[in-house]
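Please consult the sequence and the structure while reading.

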Amino acid sequence: MYRTIGHIPGPPVNFLFGNTLELVRYDTHVFFEKLMEYFNRYGTIIRLDMLNKCWIVFSSVNDVERIISSNEFNRKSLDYGILDEWLGNGILLDHGNSWFTNRRALTGAFHFKILDSYVPVFEEQADVLVGKLLKNGGAPVDVFALVKLYTLDVILETSMGVRCRAQMEDSDYVRAVSNLSRITFWRMYNAMGFSDWTFRLTKHYKTYRESIRINRDFTTSVIKQRRAELLARTTTASEAEMKPEKGRLSLLDILLRSDITGRQFSDEEVYSQVNNFMFAGHDTTSSAITFILYACAKHPDVQQRVYEEICTEIPPEEPVTQQRTNNLKYLELVIKESLRMFPPVPYYSRHIDRDTTVGGVRLEKGATIVFGAYMMHHNPEYFPNPDEFRPERFEDAGDAKRNPFVYIPFSAGSRNCIGQKFALNELKTALVKILRQCKVVLPDPDFVPKMKMELVLKPVNGMPLRFLDRKSLSV
C-alpha cells in the first residue's frame, strides 16, 4: 500500500515500521498536538504509515465535501471495531443497506415534539448540576467531571426512561459505562489494546469484562420490562394510554413501537441502538458544555452578554422550552464559535471498500481515510484569526459566504449526527441554568487548556473553573 501513497506528504517513515515507532511514543495529548504540527508542516493531505495500514488525513473543504457527501464512504473505519462487543451493530458502527434502513427508522425518535418532551429532563438534571457547582463555594472545581455525570443522568433517562441519579450517588451501571468509555479509548491509542489477544494480558481486561456484563444485564432487563409493559398496554387503542406514566416516550419506548419506527426491532437490535446512544450522547455533550463554559470564563464580556440575553428572554419563574432557547440568538453564536474552536469529535474516519480517488490521491481498498474537523476549523483560509474567540463570525452575512462543509462539529452528509438537535437542546438548557445562577471565573486568567483526543476532545487535566453565586454577588 505504501508504494501507492508514498508520494503523499507526511512525517519521515522507517523502512520496516513506517511511522509506528514515532507514534507509539505519544500519549493522546502529544498525538493531538502532532497532528496539528503535521497539518501546519505538510498541508491539507497527510500520510501516516502504521505497519500494515495507512491513514490519509484530509482537511481541504473540497476533499472533505467529496468524502462526506458521497455514499461511497459510508463505512466507519475498522479502528472502531474495538467498540463492537459493547455497542454491537447499532447506528454508529453499522453501514450499507441496514444502516440506511435503521437510520430512516430512527429519524422519528428526534421529532420536534419528542425533543420538546425531553426539555424538563434537561432542566431538572441541570438544577442538580447547578447545586453541585455552587456547593463548592466558589472554589475551583473540575467542571468536566461534573458535567459528564449530568449528561449521563440525561441520556439514561431519555434513552431508557430510567433515573440513575449519577450526580448524586454511585451505581454499578454508571461505573460500568464510565469504565467502558475509558478502557475503549485506551485501547484505541495503546499498542497493547489493538489486539484482543494482547488486551487480555493487560490490567484493564478484568474490569472491561465485568463492565460488559453489568451493562448487558442492566440494559437487557430494562428492555424486557419495557416490552412487557408495552404488550400490556396494546390492549387499548388510545394513543394517550400507549405513552408511559409521565407522557414522555424514551428512545427505548420508540424502538419498541413499530408504529413509529416502521419496523420491528429485536431485543438484540434494541440493545445495540440504546448502547450506541448512551455512548455517543454523553461524552460529546459534556465536552461541548465544558469548553463553552471555559470560553465564557475566558471572555467575561461574552459571558455578560449571554447572561443579559438569558434574563431578557427567559423569566426566572418560567420553565425552559425549545421555543424560548431558540430566541437566544447570541448564545447560539457563542455555542457555534466554541464548537468551531473545540469540536467534540475533532476527527472522523472511514474505511475504503473499493479502489477510488480523493483529492487526486489514489486509494486502495482497505485504506483508512480521516477528515479533520479540527484542522478545518483552525485553518485561517476558512476562518481568519482562527485562535480568536469571536462569536460574531457566525452572524448571517459572514456565515452565508462559507462553504457549509467547512464547519462540521456534528459531521455532515448522510452520516451526520442524528442526535444533534437533541444535543443542542440539552446543552442550551444546561447553559441557561448555569449562567443565570453562576458567574463562571477562571482561577488563573491566563489558563489555556491542553487538549487530548480520545475520539472525543477532552481537557488533559480536567477543566478547573470557579462558579460564583450571582445572588451573593448582587448583595
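Contact here means that heavy atoms lie within 4.5 Å. The model is predicted. Leaving aside neighbours within four places in sequence, T28 is in contact with Y189, K452, M453 and E454. T28 belongs to helix α3, which covers residues 28–42. With a relative accessible area of 14%, T28 counts as buried, because buried means under 20%.

The next topic is a sheet. Three strands make up an open, antiparallel sheet in the order β3-β11-β8. Its edge strands are β3 (141–142) and β8 (438–441), each pairing on one side only. Helix α22 (residues 420–437) packs on this sheet and touches β8 and β11. The direction of α22 makes about 90 degrees with that of β8. Two bridges join β3 to β11 (residues 464–469), and P464 in β11 is the bridge partner of D142.

Aromatic rings form a further group of features. The model has 18 aromatic pairs, and two of them are set out below.

| Pair | Geometry | Centre to centre | Angle between planes |
|---|---|---|---|
| W86 and F279 | edge-to-face | 5.2 Å | 80 degrees |
| F199 and Y208 | edge-to-face | 5.3 Å | 80 degrees |

W86 lies in helix α5 (residues 84–87) and F279 in helix α16 (residues 267–298), so their pair ties together parts that are 193 residues apart in sequence. Both W86 and F279 are buried; F199 and Y208 are both buried as well. Ring pairs also link F199 and Y208 with W186 and Y205 into a cluster.

Charged side chains lie over rings too. R200 lies over the face of W197, at 5.7 Å from the ring centre, while R216 lies over the face of Y271, at 4.0 Å from the ring centre.

Technical notes: Residues are numbered from 1 along each chain as its sequence is written. This is a predicted model: local features need pLDDT of at least 70, side-chain atom pairs count only at pLDDT 80 or more; totals for chains, interfaces and linings use all residues. Side-chain values use heavy atoms; hydrogens and water are left out. Helices (H or I, at least four residues) and strands (E, at least two) are DSSP runs, numbered from the N terminus. Buried means under 20% relative accessible area, exposed over 50%, partly exposed in between (1.4 Å probe, protein chains only). Two strands pair if DSSP finds at least two bridges between them. Axes are lines fitted to C-alpha atoms, for helices over the stretch in contact, and angles run from 0 to 180 degrees between N-to-C directions. Rings of Phe, Tyr and Trp (its six-membered ring) pair if their centres lie within 6.5 Å; planes under 30 degrees apart count as stacked, over 60 as edge-to-face and the rest as tilted. A charge sits over a ring if NZ of Lys or CZ of Arg is within 6 Å of the ring centre and within 35 degrees of the ring normal.
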